[in-house]
Amino acid sequence: RSHFGSSRGFFCISWSVALSQSKAMADMLKLKSSQGDVFEVDQDTACQSALIKNMVEDSGTDEEIPLPNVKTPILAKVIDYCKHHKDSAAEEIQKPLKSANLEECGVSEWDCNFVRIEQEELFELILAANYLDIKSLLDLTCAKVASMIKGKTPEEIRKQFNIVNDFTPEEEAQVREENKWCLQ
């Protein structure tokens, strides 16, 4: 006799542990970046992406999920975001932004710190959030860009984003005249 009263009882407990471990393994997805790196992510975290959720529903979870439009460091950052928001959804961001300070617009401190990054990485995150169809991340990253523009003149915006002004002075005057309502 075993410590569980019978060998049959021990077998049932062992089988139960094996099943729960098997289920935990089945709930893990393998996400493959455009650079070939593979991340093992739990299904609830990964399925915050509507794209991944649809792929899992269509094809199951046995194969690696290729993400050809997402580089390794960006995928790692997206996964961090999804892990953070797995159990607590991101708050809705007030639109239009009432301030250039995202925290004053209802964005959490964690999310504000998450998008306190270089512009190039921010734009890559926007592209990844759009491709992966993660609405809350797309809203956050776009709100960050909007906060960078808020209250700035066209010249300041051009400088911020390295945009060359290809308007002639006459064309620029015409555009300003046609859109003076939004420059007030």
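User: How many disulfides does the structure hold?

Analyst: A disulfide is a covalent bond between the sulfur atoms of two cysteines. Here the test is a pair of cysteine sulfur atoms within 2.5 Å, and this structure holds zero. Keep in mind that this is a predicted model, where local features need pLDDT of at least 70, side-chain atom pairs count only at pLDDT 80 or more, and totals for chains, interfaces and linings use all residues. Residues are numbered from 1 along each chain as its sequence is written, and side-chain values use heavy atoms, with hydrogens and water left out.

User: Is C47 buried or exposed?

Analyst: Buried means under 20% relative accessible area, exposed over 50%, and partly exposed in between (1.4 Å probe, protein chains only). C47 counts as buried at 19%, while C142 is partly exposed at 37%.

User: What about the secondary structure?

Analyst: Helices (H or I, at least four residues) and strands (E, at least two) are DSSP runs, numbered from the N terminus. The protein has nine helices and three strands, in the order α-β-β-α-α-β-α-α-α-α-α-α.

User: And which residues does L29 contact, beyond its neighbours within four places in sequence?

Analyst: Contact means heavy atoms within 4.5 Å. With those neighbours set aside, L29 touches F39, E40, V41, Q43, A46, C47, I52, V56, T61 and I65.
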